[in-house]
Structure formats: structure tokens, C-alpha cells
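Reader: I'd like to learn how to read side-chain features in a model like this one. Could you walk me through it?

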Amino acid sequence: QVQLVESGGGLVQPGGSLRLSCAASGRAFSRRLMGWFRQSPGKEREFVAAVTWRGDLTDYADSVKERFIISKDIAKNTVTLQMNSLKPEDTAVYYCAASAYPDRTREPRVYESWGQGTQVTVSS
């Protein structure tokens, strides 16, 4: 079983930046793929970004590409989502997730473990 805990959410002005962290424990490396998803009221959970612990695969949703950067620190069992040039539409609860299927980065159903989420609000 993999346990995931997100942190770093908060309130930020449009154009600002936030860094989200996902601390993993419980054999997280066996899940191979780590992803970030987000969900706002009235909408389905949306893929944001994903990266393998091995570092041979990185994927971003078009809506965040070139603004967000996902990275991992194997020694610290941590995955980070650096969010830059934030927009109001980025407002959502952000979830960290782990999957054993690195070939399906954007499908929430294949992610076996999920964190509790951290709120990100972009507003002036």
C-alpha cells in the first residue's frame, strides 16, 4: 500500500507561483508512475502531469504545459509540481496519485493510490 500526502496549496494571485509536494511512503517505487490531477466544483477529475520514478517518461496536460513542471526526488520519496503563471482556471483541489501502469498517464482509474488533496486558489 502506498500512502500519499500533498502539501503546498494556498491562495495566490494570477500570474503567481506555487509549489506542490507529494510525500510518498509504503513502497511507492513499486507503483512506477506518479501523477497530479485536479478537480474543481462541478467538474470531473482532470489530469495535470505525470512522471515515472525512473524518469524516462513525463507528461503534461495541454492546459498546463510550459507553465507547470513536475519533478521527483527519489531520495526523499517526493514528487513536486511547480506551478507558474497561474490562472484563475487553475483553481482546484490538486491530488497526487500513484499508478503501476506508466503507459496510461492520463486515466484516473488506473491510479491505485491517492492523496487527500490540497486546495489551490488563484484569485486577485
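Author: Gladly! Let's begin with burial: a residue is buried under 20% relative accessible area, exposed over 50%, and partly exposed in between. Tryptophan 114, at 26% relative accessibility, therefore counts as partly exposed. Keep in mind that this is a predicted model.

Reader: Which rings does tryptophan 114 join in a cluster?

Author: Ring pairs connect Trp114 with Phe37, Phe47 and Tyr111 in a cluster. The structure has four aromatic pairs by the ring-pair rule. One of them joins phenylalanine 37 and tyrosine 111, with 4.9 Å centre to centre and 80° between the planes. Planes over 60 degrees apart count as edge-to-face, so that is the label for phenylalanine 37 and tyrosine 111. Phenylalanine 37 belongs to strand β4 (residues 33-39) and tyrosine 111 to strand β10, 74 residues apart.

Reader: Are phenylalanine 37 and tyrosine 111 buried or exposed?

Author: Phenylalanine 37 is buried, at a relative accessible area of 0%, and tyrosine 111 is buried too, at 4%. Phenylalanine 37 also forms a tilted pair with tryptophan 114, with 5.1 Å centre to centre and 55° between the planes. This pair again links distant parts of the chain, with strand β4 holding phenylalanine 37 and strand β10 holding tryptophan 114, 77 residues apart.

Reader: What lies over the face of tryptophan 114?

Author: Arginine 45 does, at 4.8 Å from the ring centre. Arginine 45 also lies over the face of tyrosine 95, at 3.9 Å from that ring centre.

Reader: Now a polar example, please. Which side chain makes a polar contact with threonine 105?

Author: The side chain of aspartate 59 does, at 2.7 Å. Threonine 105 sits in the loop between β9 and β10 (111-114), and its 9% relative accessibility makes it buried.

Reader: Why is the disulfide left-handed?

Author: Because the torsion about the S-S bond of cysteine 22 and cysteine 96 is about -75°. Cysteine 22 is buried, at 0% relative accessible area, and cysteine 96 counts as buried at 0% relative accessibility.

Note on methods. Residues are numbered from 1 along each chain as its sequence is written. This is a predicted model: local features need pLDDT of at least 70, side-chain atom pairs count only at pLDDT 80 or more; totals for chains, interfaces and linings use all residues. Side-chain values use heavy atoms; hydrogens and water are left out. A disulfide is a pair of cysteine sulfur atoms within 2.5 Å. Buried means under 20% relative accessible area, exposed over 50%, partly exposed in between (1.4 Å probe, protein chains only). Helices (H or I, at least four residues) and strands (E, at least two) are DSSP runs, numbered from the N terminus. A polar contact is a pair of N or O atoms within 3.5 Å; within protein, one must be able to donate a hydrogen and the other to accept it, and residues adjacent in sequence count only if both atoms are side-chain atoms. Rings of Phe, Tyr and Trp (its six-membered ring) pair if their centres lie within 6.5 Å; planes under 30 degrees apart count as stacked, over 60 as edge-to-face and the rest as tilted. A charge sits over a ring if NZ of Lys or CZ of Arg is within 6 Å of the ring centre and within 35 degrees of the ring normal.
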